[in-house]
Amino acid sequence: MRELYYMTKRNSLIFLRDRSAVFFSMLSMFIVLALMVIFLGDMNSEGILNTMKDYSSTGKVTKADREHVSALIGMWTLAGVLAVNAVTVTLTVLGSMVRDETEKRIMAFYVTPVKRRKLAFGYILSAWIIGSLMCLLTLAAGEVYFMIKGYGLLSAAALLKLSGMILCNTFTFSAVGYLMALFIHSDGAWSGMLTIVGTLSGFVGGIYLPVSKLAETVQTVIKRLPNLHGASMMRKVCTADLLEQTFAGLPDAFVSGVSEEMGITVRMHDSLVDTGWQVLILFAYAALAIVCAVIITNRRKLNDR
């Protein structure tokens, strides 16, 4: 366990000591949050308000309706940003593994008596810890921003659930990211891959474009990936109270339709996927990634000999 502790500490400090990497990671999170709230927020708000007019008995929306929808979209956006950060931040931290291989430091680890699986978990745990801290910092910043806007704060129970979901998401993508890093052997290739994956994670998570707007075959694939389920379960927590306030008095069919449209709920095989199953899906991906990574590293060990 000492070897695992020191490897995790070493990999975490490598990232934290790179002040520019930490600064730009934090800056990118806040920029994405701000841009999505300012630009996509207005577009999504107007779409919901226009739909509410059709279901309203008066055919109009009030000032209170606009405030509730604005708060709903804000919290929905925050959950989406947290889902993207769980991918991008963990991959950024795992870049230290690629640099270790590029600069031949990883070979020095391989000749030590430390087992390779401990080296692997050292990289995974460091990405998990740093990724979780960054996501929690983003959550705190989002809460402060929305409090200033007058949206109010999430309850203590909701924050506790959301923190657990953040830990679940970052662990999954730390494991998946480590598996991906095993096939990358240069900083340039890793940077390019990080850009592509970071962009795709927003679409796969239904953040930039609702999944319901995509073709059926594409939806089928996306609904089997962890990104959408990770974003969905956090959206449920962030928007639970606001959904009731915003759509009070409207038909249940309308509320469920909007929830699916926004990716708050996910329907597979004609039934909604509950949060428990979504957590299991994420852990299944993490377990599969870890097993595959162990098999690959063991085969590499035999080849090295």
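Close-up 1. S201 counts as buried because its relative accessibility is 5%; here buried means under 20% relative accessible area, exposed means over 50%, and partly exposed means in between (1.4 Å probe, protein chains only). When its neighbours within four places in sequence are left aside, S201 is in contact with V84, V87, I207 and N227, contact meaning heavy atoms within 4.5 Å.

**Close-up 2. The crossing of helices α6 and α7.** Two packed helices are described by the angle between their axes and the distance between the axes. The axes of α6 (residues 156-181) and α7 (residues 187-204) come within 12 Å and cross at roughly 140 degrees; the axes are lines fitted to C-alpha atoms, for helices over the stretch in contact, and angles run from 0 to 180 degrees between N-to-C directions. The two helices, α6 and α7, are therefore oblique to each other, since angles under 35 degrees count as roughly parallel, over 145 as roughly antiparallel, 65 to 115 as roughly perpendicular and the rest as oblique. On the side of α6 the contact is made by G177, M180 and A181, and on the side of α7 by W190, M193 and V197. Sorted by class, this contact of α6 with α7 has 5 nonpolar, 1 polar and no charged residues, where Ala, Val, Leu, Ile, Met, Phe, Trp, Tyr, Cys and Pro count as nonpolar, Asp, Glu, Lys and Arg as charged, and the others, Gly among them, as polar.

**Close-up 3. L225 in the loop between α8 and α9.** L225 is found in the loop that runs between α8 (216-222) and α9 (226-246), and with a relative accessible area of 27% L225 is partly exposed. Leaving aside its neighbours within four places in sequence, L225 is in contact with V204 and Y285. L225 and G205 are 20 residues apart in sequence, and their C-alpha atoms are 8.8 Å apart in space.

**Close-up 4. Cysteines C168 and C292.** C168 counts as buried at 6% relative accessibility, whereas C292 counts as partly exposed at 27%. The structure holds 0 disulfides, a disulfide being a pair of cysteine sulfur atoms within 2.5 Å.

**Notes.** Residues are numbered from 1 along each chain as its sequence is written, and side-chain values use heavy atoms, with hydrogens and water left out. Because this is a predicted model, local features need pLDDT of at least 70 and side-chain atom pairs count only at pLDDT 80 or more, while totals for chains, interfaces and linings use all residues.

Methods
Helix = DSSP H or I, 4+ residues; strand = E, 2+ residues; numbered from the N terminus.
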